[in-house]
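Please look at the sequence and the structure first.

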Amino acid sequence: MKSFQFTKMHGLGNSYIYVNMFKEKIKEEELPSLAIKVANVYTGIGSDGLILICPSNVADVKMRVFNNDGSEAKNCGNGLRCVAKYAYEHKLVEENRFSIETLSGVVQAEVHVKDEVVDQVTVDMGQPRLSRAEIPMIGENQDMIVSEQAVFANQTYEITTVSMGNPHVIFYVDQIEEAPLTTLGPIVEKDERFPDGVNVEFVEVVNEQELHFRVWERGSGVTQACGTGACAAVVASVLNHYTKRDIPTIVHLAGGDLTITWTNEGAVLMTGPAEIICKGEYYY
Ligand SMILES: N[C@@H](CCC[C@H](N)C(=O)O)C(=O)O
């Protein structure tokens with residue numbers, strides 16, 4: 001029987017099984033099925049997916065993310081904060097600021113340490129990608145998609161789309177508790193206009209500096225939080241003139257709050273917590 005050491009961590013309730021690939025060896029072809037197995041709450045460990053912390057040729061560490069359906073994603077905001085905490089506390093890096101490679105590029109992380117424990121992490125998530133081709137979403141016009149009408153399940157909605165290295169579509173709602181998360185979410189996720197699928201976010205604007213947020217994640221369904229989704233929601237809210245650029249916005253997710261700024265220089269900065277739940281050995 002094979003096994004590996006794992007650490008279960010979460011960022012605002014968005015939990016993954018983290019594996020230190022500086023030490024462990026897992027066959028590439030086993031990764032998608034392992035993500036499905038470890039995520040299972042009855043027969044596995046229980047999580048939103050699997051994240052590998054790997055050596056990198058271009059950054060200090062590399063993150064690979066698998067959703068709980070076994071699909072590999074190109075980015076994960078909550079995952080980046082947890083990888084940063086793990087890398088710093090396990091001395092994979094020496095400084096408070098370091099780089100993390102993702103499948104969508106290299107980002108910079110800064111850990112905020114209290115009594116030698118990483119409490120909060122700020123990640124410079126880079127620039128949002130906004131053209132239709134960059135989302136990607138099928139359609140003629142290659143401009144940004146901001147408050148564009150789209151029909152899903154015979155109803156017309158206004159959508160705004162943002163890529164943070166992975167695709168997001170944002171719907172504004174009057175009351176967050178009434179967001180059609182489990183009904184509209186899975187329909188939009190797999191809509192053929194999004195050839196790679198899409199993460200589906202519902203946002204209620206509280207005021208110019210606060211948003212309520214809920215998510216149906218591509219490949220994982222409802223989760224407590226989505227870091228890239230919260231960044232996308234802040235960018236979408238600036239584009240829709242609900243919030244302001246270069247001013248921090250508090251995003252209230254089901255699992256807690258993130259502080260996010262789309263700076264005048266172009267980058268999106270995300271600050272929030274990262275926590276360890278448990279460690280153990282997984283047999284497969
Ligand atoms: N929970 C994540 C995003 C994980 C990947 C996503 N489901 C996708 O397929 O793009 C986050 O915190 O950003």
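## Confidence in the model

The pLDDT is the predictor's confidence in each residue, on a scale from 0 to 100. This is a predicted model, and the mean pLDDT of its protein chain is 98, with 100% of the residues at 70 or more. For the complex, the predictor gives an ipTM of 0.99 and a pTM of 0.98.

## The annotated positions

The UniProt record, an unreviewed entry, places the feature "active site" at C76 and C226. These positions span 151 residues in sequence, yet no two of their C-alpha atoms are more than 7.5 Å apart, so they gather at one spot. Both C76 and C226 belong to the lining of the largest cavity.

C76 sits in the loop between β5 (72–73) and α2 (77–89). Its relative accessibility is 6%, under the 20% limit, so C76 counts as buried. Apart from neighbours within four places in sequence, C76 is in contact with Y16, I51, M63, V65 and T228.

C226 is found in the loop between β14 (221–223) and α4 (227–239). C226 is also buried, with a relative accessible area of 5%. Its contacts, again leaving aside neighbours within four places in sequence, include N14, H168, E201 and L253.

## N20 in strand β2

N20 is part of strand β2 (residues 14–20). At 7% relative accessibility, N20 is buried. A polar atom of the N20 side chain lies 2.8 Å from the backbone nitrogen of F22. Not counting residues up to four places away in sequence, N20 touches I53, Y86 and L92.

## Salt bridges

How many salt bridges does the structure hold? There are ten. One of them joins the side chains of E30 and K2, at 2.5 Å from N to O. This pair links distant parts of the chain, 28 residues apart: E30 is in the loop between β2 and α1 (31–39), and K2 is in the segment before β1 (3–11). E30 is buried, with a relative accessible area of 17%, whereas K2 is partly exposed at 38%.

The side chains of E28 and R64 also meet in a salt bridge, at 2.7 Å from N to O. E28 lies in the loop between β2 and α1 and R64 in strand β4 (residues 61–67), 36 residues apart. The relative accessible area of E28 is 45%, which is partly exposed; R64, at 13%, is buried. A further salt bridge joins R193 and D191, at 2.8 Å from N to O. Salt bridges with shared partners connect E28, R64 and E72 into one network.

Definitions and conventions:
Residues are numbered from 1 along each chain as its sequence is written. This is a predicted model: local features need pLDDT of at least 70, side-chain atom pairs count only at pLDDT 80 or more; totals for chains, interfaces and linings use all residues. Side-chain values use heavy atoms; hydrogens and water are left out. UniProt positions are given in the numbering used here, feature names are shortened, and annotations may be inferred rather than shown by experiment. On a 1 Å grid over the protein atoms alone, a cavity is a set of points where a 1.4 Å probe fits but cannot get out, and a pocket is an open set with protein on both sides within 12 Å along at least five of seven lines; lining residues have an atom within 4 Å of a point. Helices (H or I, at least four residues) and strands (E, at least two) are DSSP runs, numbered from the N terminus. Buried means under 20% relative accessible area, exposed over 50%, partly exposed in between (1.4 Å probe, protein chains only). Contact means heavy atoms within 4.5 Å. A polar contact is a pair of N or O atoms within 3.5 Å; within protein, one must be able to donate a hydrogen and the other to accept it, and residues adjacent in sequence count only if both atoms are side-chain atoms. A salt bridge is a side-chain nitrogen of Lys or Arg within 4 Å of a carboxyl oxygen of Asp or Glu.
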